[in-house]
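Here is a short report for a reader new to this structure. Please look through the model before reading on.

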Amino acid sequence: MERVRPLTRGQVADRMQELGDLYAETSGGNPWAWNEARAAFLRHLAADTRRPGFSLLIAETTALTGYAYGFSAGGTGPWWAGFDGHLRGGLLRRAGSGRLFVVSGIVVPPCVRREHRDQVWNLARRLQRRLLADHDAALGVALVDVRDDRTVETMRSWGWRYAGDDSLRAAPPSPFRILVLAPGT
């Protein structure tokens, strides 16, 4: 079983290429798509590392096997820009309490996304639980592109639910699907 541990911001910077490689390897596609995805991912990760409350957990045996990262979010600030009217009051109240943790990414091999997704020992589930626990989060939140049905399906199999209730019809039109995760899930 993999050992899960946090990295400091400096360690993340030192291992950026390795993190990018694992992201590209697990996202599939041809070599051109691999390079494009890797470059876009590294830009996104570099921006997230500058956010207050940023955290990244890695899983490793003798090599890096997966990781998850995100940041704490309050009820105001640039992360919420454009979401007025898309978030329910309960989610905004939790954000206002400072106990909302945005999970920006969970990077695991395809077999982890396909197999044993409902098991507590699943690597993705272990990483997401640990991120929320380490930050004493009341709730995890993730934004997924509305066109990315595969990611939504996978995350829902890991315990994520639509914000508000469990139906797509409940959410106003938005470029993202807003998913939430209760601690311990």
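Val4 has Ala59 in strand 2 as its bridge partner. The model is predicted: local features need pLDDT of at least 70, side-chain atom pairs count only at pLDDT 80 or more, and totals for chains, interfaces and linings use all residues. Residues are numbered from 1 along each chain as its sequence is written, and side-chain values use heavy atoms, with hydrogens and water left out.

**The sheet**

Helices (H or I, at least four residues) and strands (E, at least two) are DSSP runs, numbered from the N terminus. Two strands pair if DSSP finds at least two bridges between them. Strands of a sheet pair through backbone hydrogen bonds, either parallel or antiparallel.

Seven strands form an open sheet with mixed pairing, in the order 1-2-3-4-5-7-6. Strand 1 (3-7) and strand 6 (161-162) are the edge strands, and each pairs on one side only.

| Strand pair | Sense | Bridges |
|---|---|---|
| Strand 1 and strand 2 | antiparallel | five |
| Strand 2 (residues 55-60) and strand 3 | antiparallel | six |
| Strand 3 and strand 4 (residues 100-107) | antiparallel | seven |

A hairpin of three residues links strand 2 to strand 3. Ala59 has Gly66 as its bridge partner in strand 3. Gly70 faces Val103 in strand 4.

How enclosed is strand 3 (residues 64-73)? Nine of its ten residues are buried, so strand 3 is largely enclosed by the rest of the structure. Buried means under 20% relative accessible area, exposed over 50%, and partly exposed in between (1.4 Å probe, protein chains only).

**Glu60**

Glu60 belongs to strand 2. Its relative accessibility is 11%, so Glu60 counts as buried. Its side chain makes a polar contact with the side chain of Arg5, at 2.6 Å. A polar contact is a pair of N or O atoms within 3.5 Å; within protein, one must be able to donate a hydrogen and the other to accept it, and residues adjacent in sequence count only if both atoms are side-chain atoms. Leaving aside residues up to four places away in sequence, Glu60 touches Glu2, Arg3, Arg5, Arg15 and Thr65. Contact here means heavy atoms within 4.5 Å.

Helix 6 (residues 123-134) has twelve residues; at 1.5 Å a residue it should span 16 Å, and its end C-alpha atoms are 16 Å apart, which agrees. The expected span is 1.5 Å times one less than the number of residues. Asn122 caps the N-terminal end of helix 6, with a side-chain oxygen 2.9 Å from the backbone nitrogen of Ala124. Buried residues in helix 6 include Leu123, Ala124, Leu127 and Leu131.

Asp136 lies in the loop between helix 6 and strand 5 (139-145). Asp136 is not a glycine, yet it has a positive phi of about 50 degrees. Is Asp136 buried or exposed? At 51% relative accessibility, Asp136 counts as exposed.

**The largest pocket**

The largest pocket has a volume of about 870 Å³. Of its 30 lining residues, Tyr23, Ser104, Gly105, Asp148 and Thr151 are the closest to its centre. Elements that give two or more residues to the lining include helix 2 (16-27), helix 3 (31-49) and helix 7 (149-157). Strand 4 gives the largest share of the lining, six residues.

On a 1 Å grid over the protein atoms alone, a pocket is an open set of points where a 1.4 Å probe fits, with protein on both sides within 12 Å along at least five of seven lines; lining residues have an atom within 4 Å of a point.

How values were computed
Grid points are joined across faces, edges and corners, and a volume is the space filled by probe spheres set on the points.
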